[in-house]
Amino acid sequence: MTRRTERRPRRQASVIRRDPRRERDPGAGPGDTAPVRLPAEHPEVAQVTIEQPESIVIAVPDLDRGRLTALDRDLVGAARVLADALRGAVLVVVPTGCIDDLGSAGADRVVRYSTPEAGTYLPAVLAPALIELAHRHAAWHLLFCERPAGGGDVGRRIAAQLGVRPAARVTSLAVGEAVCLADGGRHEIVRAPPRVLLIEAGCAEPVTGQRHQARPLPDLVLGREPGVIDLGAVRIDRSAVPLIEAELIISAGAGVSDWDAFHRLAARLGAAEGASRVVCDLGHLPRDRQIGASGTVVEPRGYLAFGISGAPQHLQGIARCERVVAVNSDPHAPMMQRADLAIVADAQQVMPALMDLIERDKRRA
Amino acid sequence: MPDVAVLLSVGRHPASGRARLADLDARALELALRLAEVARVHAIHAGDPNEPVLRDYLGMGIDSLTVLALDGDVSGALAEHLQQLRPAVVLAGCRAECGEASGMLPYSIAQALQAQLVADAVSITLRGESARVIQAQPRGGRRALRVALPLVVTVDRAGPQPRMSAFGPAQRGQIRAIAVAARSRAPSIPSDWLERPARVRPRRLLRVQGNAAERLRSIQLVRVASAARRIDADPMQAAQAIWEYLREQGLVEGEPGPDSPSRTP
């Protein structure tokens, strides 16, 4: 791998904006960077307005950095199932920091709450505020994401305060029927949908091809709970976080031979270390660091691939990464097609250069 | 010395179906044992006192285990027992491995004790009239909370790995059974609910429109970045581009990205 890199003549520095549609078009030159108008994903989007709903279904998404997650979209989809049966409207409750388009996710009404003053423990104050909101709108169902410290916590607090048995781990929802996993996942319970439902991923189809109104309603006012004080985030060693939870992963392939530089860079960036199968086979990194179909399927926000060509199994493992940066000497490697930022260079030389740059930046700051 | 109660249940192995330590309850016991120097630890189980699996909890290093001998709904009996004991902290796994397993028990106990509740804890330290709890957050994050006592804490998979169970202490430990008249003999699952073996649900398929190559790619779950940039450069320029990109996307510490308004400092 390395030998081949050395023989290749150094390319001239240039920046190319790659656009696959343009590449297929023989008329367009490679340097043409004029913006291309892409067709809208859903050409005809039906506008849905519900003026006089007969009931209200409240959905409280968990969000990730102000955006709806896949589970949140399923949650709103599940709320739609219940609301449509009751000729009602879906009311979505989000913090003011939410920047996603809630209308296209299926929200008819939106209630926002501003992040409470520092030190307020959100679940403890959100639960009574949501009960109050449900009373005000005569809302019967409240739906939450089934996550232990997220929606699952708030939903169970509300169920305990209302004295109802919630449907936990709801895997399927239809009119008059909620299917909940029980008994450690060996059995399922079929029951009428209760007031509080805790939704698992894949419970209902997310809304597509429709745009709901997402009409803003007055903000939710959160009270205070003096019993719990939120002291804020604790600094953690981000490189020790399990691969599956990591936010930034730096990953090495067969093109990496300077392992010292790799480990130092990972520690400096606060990134979890990953590897391709070849690297784990050779024993450079332990097996639990292998990313791909036969290793760990990861979904970090950022994935930094050094010297990975991108076998299909590896690309499957990173299919849900948000941002991919690839450094490889072969511009035609599949990994370079996948990358948001593809750099044709020798990983061996880029790693120390990046390390130097970070150190220099830190000294300046 | 404050009292710490830990609620233990009998688990079931997901593959073999045999009775075993409930993993999350074992983690809760591990958290409790880490408080053993500053608090009295009471291990409590509600159910059958002759269940052999309970010995495995004793083997983790507790002298005795109180069993509320009953069959039927446990939450009423547990709440009553805890109201008498008045522990400063109640620890439990966030969900049982058998039965309805709705994860509501800690919440109804907190309601009965009028205690604060913290979900998904990683560690606890007691400080006089309050406790400092570290709570797990998504993406491996951690948050510190100061909570007034009494307090109910649930433990999920982020909790500490339970210690091994040793044979000697498991045999020496005492199981003290308390006969409790179950308040309601009602079955824990109402008659209008239907219980059946769980079905494997088909994975949702992505409906992709496009040519054959695009559909194939979607099956392989490989996404091609649409607005990709390619840089063909010397190492220094490459490093510069990577560093700028990471900062622009808010992927490195201290540089919040454009789309992260909720990030805590």
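Me: What pLDDT do local features need?
Reply: Residues are numbered from 1 along each chain as its sequence is written, while chains are lettered from A and ligands numbered from 1 in the order in which they are written. This is a predicted model, where totals for chains, interfaces and linings use all residues, side-chain atom pairs count only at pLDDT 80 or more, and local features need pLDDT of at least 70.

Me: How many strands are there in chain A?
Reply: Helices (H or I, at least four residues) and strands (E, at least two) are DSSP runs, numbered from the N terminus. Chain A has 11 helices. Its strands number 18.

Me: What percentage of chain A counts as buried?
Reply: A residue is buried if 20 or more other C-beta atoms, placed from the backbone, lie within 10 Å of its own; 12 or fewer make it exposed, and anything in between partly exposed. Chain A has 365 residues. The buried share is 47%.

Me: Which element of chain B do the buried residues of helix 11 of chain A pack against?
Reply: The buried residues of helix 11 include Val350(A), Met351(A) and Leu354(A). In chain A they pack against helix 7 (259–269) and strands 16, 17 and 18. In chain B their partner is helix 7 (235–248).

Me: How many residues of chain B are in contact with chain A?
Reply: Two residues are in contact if their C-beta atoms, placed from the backbone, lie within 7 Å. On the side of chain A, 83 residues take part. On the side of chain B, the count is 76.

Me: Which strand gives the largest share of the side of chain A that touches chain B?
Reply: That side divides into 45 nonpolar, 17 polar and 21 charged residues. Here Ala, Val, Leu, Ile, Met, Phe, Trp, Tyr, Cys and Pro count as nonpolar, Asp, Glu, Lys and Arg as charged, and the others, Gly among them, as polar. The largest share is seven residues, from strand 13 (residues 228–234).

Me: Which strand of chain B is joined to strand 13 of chain A?
Reply: Two strands pair if DSSP finds at least two bridges between them. Here there are six, and the strands run antiparallel. Ala233(A) stands opposite Arg143(B). The partner is strand 10 (residues 142–148).

Me: Which residue in the turn between strand 8 and strand 9 of chain B has a positive phi?
Reply: Strand 9 (residues 130–136) is mostly covered, with five of its seven residues buried. Strand 8 (residues 121–127) pairs with strand 9 in the antiparallel sense over six bridges. Two residues separate them in a hairpin, and the phi is about 60° at Gly128(B).

Me: Which residues of chain B does Gly185(A) touch?
Reply: Gly185(A) is in the loop between strand 8 (177–182) and strand 9 (187–191) of chain A. It is partly exposed because 13 other C-beta atoms lie within 10 Å. Leaving out residues up to four places away in sequence, Gly185(A) touches Pro14(B) and Ala198(B).
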